[in-house]
Amino acid sequence: MQPLLDVRNLTVEVPAGRGKPPVRIIDNISYTLEDNQTLGIVGESGSGKSMQALAMLGLSQQRGRARAGGEVLFKGQNLLALSDKALRAVRGVQIGMIFQEPMTSLNPVLTIGRQLAEPLVHHMGMSHAKARRRAIDLLSLVGITDPAQRVGQYPFQFSGGMRQRVMIAMALACKPRLLIGDEPTTALDVTVQAQIIELIRELRDEMKMSIIWITHDMGVVAALADRVQVLYAGKIMEMGPVDQVFRQPRSAYTWALLQSIPKRGQRPREPLFQIAGQPVDPARRPPGDPFAPRNPFATERCHREAPPLRAVSPDTPLHRAAAWYDLPRCLADLNAGEEK
Ligand SMILES: Nc1ncnc2c1ncn2[C@@H]1O[C@H](COP(=O)(O)OP(=O)(O)O)[C@@H](O)[C@H]1O
Ligand SMILES: [Mg+2]
């Protein structure tokens with residue numbers, strides 16, 4: 001059966017100025033997403049998470065004339081080959097988005113109700129009266145109390161957490177098959193963030209949609225996703241079912257990110273594990289594994305040759321990693337060394 005989303009060799013490059021080769025921001029990404037599946041995309045700041053999401057929606061050129069190559073097949077249709085007009089019928093309708101970028105954030109001078117109703121009238125052909133009723137339903141769906149009164153208010157009358165709920169309502173208005181969220185809860189405090197994640201879980205079960213949730217937080221991935229993609233320097237370092245990847249990571253980068261989740265019983269303010277060094281600058285990508293310069297387990301080959309993304313074992317074909325070293329063995333050696 002055809003997957004809902006089939007990303008094939010997605011690559012994004014930005015022009016680097018005269019005489020210089022373009023800089024590769026997203027490097028040959030391939031994966032599929034099924035109906036009702038939730039994918040968490042995780043990586044440090046600068047790893048290419050936002051660019052990947054923008055490219056998938058045909059929006060990469062909005063950022064510094066970036067150009068996307070490859071294919072993004074959504075229900076079999078290549079989004080990268082669609083006209084702007086055809087793309088607008090998919091984006092915001094069949095694919096809902098929650099971004100922090102200004103282009104999709106709320107308009108301060110229009111009421112929440114107007115902003116919710118507009119796509120319903122425009123894309124779904126609803127009457128204004130019906131769209132307004134649906135706007136009230138949507139506010140109530142995302143847990144906003146007194147929706148009939150709130151629908152006439154302006155964004156500034158909502159708190160940060162409530163505004164984020166409104167953004168979710170807008171993304172869900174046209175009942176999308178796929179919802180893409182780009183760090184929508186990062187600016188919120190921990191309690192509100194947990195409420196929003198819980199809300200997304202409920203809505204997913206209710207609306208039967210697939211989700212791509214971008215975050216730098218492995219804890220959010222664990223709470224929400226069934227698949228995880230670990231991104232570094234625009235490359236997939238590891239990808240697979242969350243339980244497999246979390247139980248036995250095969251990329252040192254994934255392992256390092258997992259160390260940053262607070263352990264049970266740890267006080268939340270204790271200093272957590274930090275990955276040493278700086279994320280790689282895409283304009284100065286090393287020839288081999290991009291994480292090698294920061295990886296304590298890197299071998300000579302890692303510095304020389306980029307490892308392919310491949311299944312870690314025939315028993316777990318969905319769990320793929322790009323690593324020349326054998327991480328479970330490296331970790332076992334490390335533990336044995338510490339016990340001596
Ligand atoms: N228009 C652009 N021109 C040049 N470099 C860019 C552009 N947009 C993003 N980048 C670079 O691409 C990398 C990925 O950025 P981004 O997708 O925003 O990362 P993330 O969302 O994971 O923090 C970063 O190194 C960033 O500096
Ligand atoms: Mg980002």
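Around ligand 1 the predicted model places 13 residues, the closest being Gly46, Lys49, Ser50, Met51 and Arg63; a residue belongs to these surroundings if one of its heavy atoms lies within 4 Å of the ligand. This is a predicted model, in which local features need pLDDT of at least 70, side-chain atom pairs count only at pLDDT 80 or more, and totals for chains, interfaces and linings use all residues. Residues are numbered from 1 along each chain as its sequence is written, chains are lettered from A and ligands numbered from 1 in the order in which they are written, and side-chain values use heavy atoms, with hydrogens and water left out.

The shell around ligand 1 holds four nonpolar, six polar and three charged residues. Here Ala, Val, Leu, Ile, Met, Phe, Trp, Tyr, Cys and Pro count as nonpolar, Asp, Glu, Lys and Arg as charged, and the others, Gly among them, as polar. Helix H1 (residues 49–56) gives the most to this shell, with three residues; helices (H or I, at least four residues) and strands (E, at least two) are DSSP runs, numbered from the N terminus.

Polar contacts, pairs of N or O atoms within 3.5 Å, come next. A polar side-chain atom of Lys49 lies 2.9 Å from an oxygen atom of ligand 1. The backbone takes part too: an N or O atom of Gly48 lies 3.0 Å from a ligand oxygen, and one of Met51 lies 2.9 Å from a ligand oxygen. Of the 560 Å² of accessible area that ligand 1 has on its own, the protein covers 70%, by the Shrake-Rupley method with a 1.4 Å probe.

Contact means heavy atoms within 4.5 Å, and axes are lines fitted to C-alpha atoms, for helices over the stretch in contact, with angles from 0 to 180 degrees between N-to-C directions. This open sheet of four strands has the order S2-S1-S4-S5, with antiparallel pairing; two strands pair if DSSP finds at least two bridges between them. In S5, Asn78 is the bridge partner of Leu73.

A second open sheet has eight strands in the order S6-S7-S8-S3-S9-S10-S12-S11, with mixed pairing. Strands S6 (95–98) and S11 (310–311) each have a single partner strand, so one side of each is left without a neighbour in the sheet. Helix H6 (residues 160–172) packs on this sheet, touching S6 and S7 (178–182).

Key
A polar contact is a pair of N or O atoms within 3.5 Å; within protein, one must be able to donate a hydrogen and the other to accept it, and residues adjacent in sequence count only if both atoms are side-chain atoms.
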